[in-house]
Amino acid sequence: MNEKEQLVLQTIKNNPFLSQQEMAEALNMSRPALANLISGLTKKGEIIGRAYVLPDRNSIFAIGGANVDRKFHLNGYVQYGTSNPSTVTESVGGVARNIAENLGRFGNEVKLITLLGKDQGANFIEKESQAFVNLDYVEILTDVKTGSYSAVLDAHGELILAMADMSIYDSMLPSVIKKHEALLSNAKCIIVDLNCPKETVVYLQNLACSRGVPFAIIPVSAPKIKNMPDDLIGVTYFICNRDEAEAYLNIRILNDQDYSIAVKMLLEKGASNVILTLGDQGAMVGNVDGVFYFKAEKTTEIIDVTGAGDAFVGGFLHGILNEEPFMSAVKFGQDNARKTLQSDKTVRTDITVDELNNWRNN
């Protein structure tokens with residue numbers, strides 16, 4: 001293909017439902033010239049049918065955070081008001097990005113929509129992610145920094161304090177997402193984290209609901225609950241922890257009965273499937289078949305808790321989107337999280353379906 005043909009084909013891929021007149025105006029060429037290019041591409045078999053390209057229904061879209069994670073591992077117990085000896089590690093993170101990488105390493109086709117700054121952090125994220133995640137839809141902003149997350153962990157790998165600079169995601173507005181509306185309308189699943197503003201989450205909720213696309217919301221943290229939609233109509237999978245459920249429902253969750261009540265309340269808000277994760281206590285899940293408790297298997301060695309929640313989401317969604325029964329998908333997510341707890345990586349580098357299954361069976 002020549003340069004003009006490549007430009008036309010990329011425009012069609014971005015929005016296969018543009019009219020020839022709209023496309024000609026966007027490309028600053030005459031309609032007859034565009035028609036000749038399209039005719040040539042059709043003869044070459046590069047485009048097919050009136051909508052020009054066949055919709056891609058195999059792609060999972062993850063929308064939200066992609067950050068640089070810095071973890072400070074204390075050598076002993078924390079001492080406030082003074083300097084604490086520690087070691088520091090740096091890795092890529094961000095809830096949407098982590099889930100995308102988990103899914104990508106499991107062999108799924110995943111596209112990430114996020115915002116990055118024009119800085120070294122962005123270069124680091126791209127280098128570490130591109131082997132497993134399609135980054136063609138990432139936008140670079142020149143006036144803000146790439147998101148970052150800094151965590152202080154005790155000697156047992158438990159989180160003591162975390163700080164996040166996520167101001168870049170204030171610009172993740174519906175206008176950014178609408179550029180990809182045609183692709184999202186044919187997605188295998190849309191996953192959004194609450195680094196995105198509320199108006200963007202609501203836009204995606206309405207899009208997924210109207211087009212019948214499976215839709216998952218991942219809260220990120222209790223403070224980010226402010227970005228939740230008012231209801232969960234059209235939300236296929238809502239996965240949250242206890243703090244996030246308390247913040248969204250404005251209730252206290254103290255015991256097993258409260259867990260069940262919280263799941264039922266989330267279902268009543270419109271979600272098709274709810275998973276309330278409870279850390280080492282397991283998970284409470286609910287859907288049209290009822291509410292069920294999943295016990296967590298004990299993890300003998302915990303190196304780092306960071307990334308375990310995203311590993312659960314990635315494992316669960318991999319199972320459910322590859323036609324595993326719902327309960328089996330939950331178990332797969334739990335096992336992926338348990339394995340991640342034993343790694344110092346936010347996303348394990350040895351993650352494959354076969355590797356995880358072999359570990360589960362031993």
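Me: A charge sits over a ring if NZ of Lys or CZ of Arg is within 6 Å of the ring centre and within 35 degrees of the ring normal; how far from the centre of the Phe132 ring is the charged end of Arg105?

Reply: This is a predicted model, in which local features need pLDDT of at least 70 and side-chain atom pairs count only at pLDDT 80 or more, while totals for chains, interfaces and linings use all residues. Residues are numbered from 1 along each chain as its sequence is written, and side-chain values use heavy atoms, with hydrogens and water left out. The charged end of Arg105 sits over the ring of Phe132, and its distance from the ring centre is 3.8 Å.

Me: How many residues apart in sequence are the parts that Tyr237 and Phe316 tie together?

Reply: Rings of Phe, Tyr and Trp (its six-membered ring) pair if their centres lie within 6.5 Å, and planes under 30 degrees apart count as stacked, over 60 as edge-to-face and the rest as tilted. Helices (H or I, at least four residues) and strands (E, at least two) are DSSP runs numbered from the N terminus. Tyr237 lies in strand E11 (residues 237-241) and Phe316 in helix H11 (residues 308-321), so the separation in sequence of the parts they tie together is 79 residues.

Me: Are Tyr237 and Phe316 buried or exposed?

Reply: The test is relative accessible area, where under 20% is buried, over 50% exposed and in between partly exposed (1.4 Å probe, protein chains only). By this test, both Tyr237 and Phe316 are buried.

Me: Which residue has Lys269 over its face?

Reply: The ring in question also forms a tilted aromatic pair with Phe238, at 6.1 Å centre to centre and 50° between the planes. Phe238 is in strand E11, and its partner is in helix H9 (residues 242-249), ten residues away. Lys269 lies at 4.9 Å from the ring centre of Tyr248.

Me: How are H9 and H10 set relative to each other?

Reply: Axes are lines fitted to C-alpha atoms, for helices over the stretch in contact, and angles run from 0 to 180 degrees between N-to-C directions. H9 and helix H10 (residues 256-268) pack at about 55°, with their axes 11 Å apart. Angles under 35 degrees count as roughly parallel, over 145 as roughly antiparallel, 65 to 115 as roughly perpendicular and the rest as oblique. H9 and H10 are therefore oblique.
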